[in-house]
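The tour goes stop by stop.

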Amino acid sequence: MKKLKGCLYSASESNTKLPDLGPDLIMSEILPRLPAKCVGRAKKVCKEWLSCISLKEFVMMHCRHMCKGSRQKILSIGQESCFISSTGVDLVDEKTMITLPFHVRPSDVWILSSLNGLLCVCLRNTFEMLIWNPLIRSCINISDSKSYGFFKIYSDAVGLYIDSSNDYRVLHIKRGRFTVDVMAYSRRTSHWKRIPFLQKKALPY
């Protein structure tokens, strides 16, 4: 980065123009190597970049570059089995069968959200929500007696995020007929907390 800044500074001081990289080189070699946050910002540059970044081919290129130099994993859940695969740039191998830490069939596990190897899942028979790390076989049931942490498939939304204190949290949005409740679960404190969201009542369906 320092070298790049130095080149740009030297070019501006000497009134010389930087070489034109060309749109093809930018689209195929530069944009796919950017972090996801930068790619999101690049969508706003122009319609051409937005169109390119929205293509499935671009998404595949970006994933390949992000996989380089790191050990990415794929979790596959079937009707009766569950396994983890190691993935490289162009191949998938090293399948490892794993045993679920909860007493349900693999087909009865719904994956609601994922972040940095953690999964937020829901058990189909009880609708309980759990935080699960398949790599180290750990699992935490985040449902409680106050009816927090139970997922309704047709009205709820769930996401994982990291707050400013580096605490992993589960965001659970529950929509009733005329209300919207937003709850956040803290992995650090193991408690749910209500988050003010909408002061007015939600519109009816």
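What do the side chains of Arg169 and Asp167 meet in? Select both: they meet in a salt bridge, at 3.8 Å from N to O. The term stands for a side-chain nitrogen of Lys or Arg within 4 Å of a carboxyl oxygen of Asp or Glu.

Before moving on, note what is loaded. This is a predicted model, where local features need pLDDT of at least 70, side-chain atom pairs count only at pLDDT 80 or more, and totals for chains, interfaces and linings use all residues. Residues are numbered from 1 along each chain as its sequence is written, and side-chain values use heavy atoms, with hydrogens and water left out.

**Stop 1: the salt bridges**

Colour by accessibility next. Asp167 has 4% relative accessibility, so it counts as buried. Asp163, at 18%, counts as buried as well. The classes are buried under 20% relative accessible area, exposed over 50%, and partly exposed in between (1.4 Å probe, protein chains only).

The whole structure holds five salt bridges. Another one of them joins Arg124 and Asp108, whose closest N and O atoms are 4.0 Å apart. Arg124 lies in the loop between β5 (118-123) and β6, and Asp108 in the loop between β3 and β4, so the pair ties together parts 16 residues apart in sequence. Arg124 counts as partly exposed, at 45% relative accessibility.

**Stop 2: the sheet**

Switch to cartoon. Four strands form an open sheet, in the order β4-β5-β6-β7, with antiparallel pairing. The edges are β4 (109-115) and β7 (138-141); each has a single partner strand, so one side of each is left without a neighbour in the sheet. From one strand to the next, the twist averages 25°. Strands here are DSSP runs (E, at least two residues), as helices are (H or I, at least four), numbered from the N terminus. Two strands pair if DSSP finds at least two bridges between them. Angles run from 0 to 180 degrees between N-to-C directions, with axes fitted to C-alpha atoms.

Zoom to β6 (residues 129-133) and β7. They pair in the antiparallel sense over four bridges. Select Trp132: its bridge partner in β7 is Cys139. Then pick Asn133, also in strand β6. At 14% relative accessibility, Asn133 counts as buried. Leaving aside neighbours within four places in sequence, Asn133 is in contact (heavy atoms within 4.5 Å) with Gly117, Leu118 and Ser138.

**Stop 3: the rings**

Show the aromatic side chains. Rings of Phe, Tyr and Trp (its six-membered ring) pair if their centres lie within 6.5 Å; planes under 30 degrees apart count as stacked, over 60 as edge-to-face and the rest as tilted. The count comes to four aromatic pairs. Phe102 and Trp132 have ring centres 5.3 Å apart and planes at 80°, so the pair is edge-to-face. Phe102 sits in the loop between β3 (92-97) and β4, and Trp132 in strand β6, 30 residues apart. Both are buried.

Now select Tyr148 and Trp192. Their ring centres are 6.5 Å apart and their planes at 55°, so this pair is tilted. Tyr148, Tyr185 and Trp192 form one aromatic cluster.
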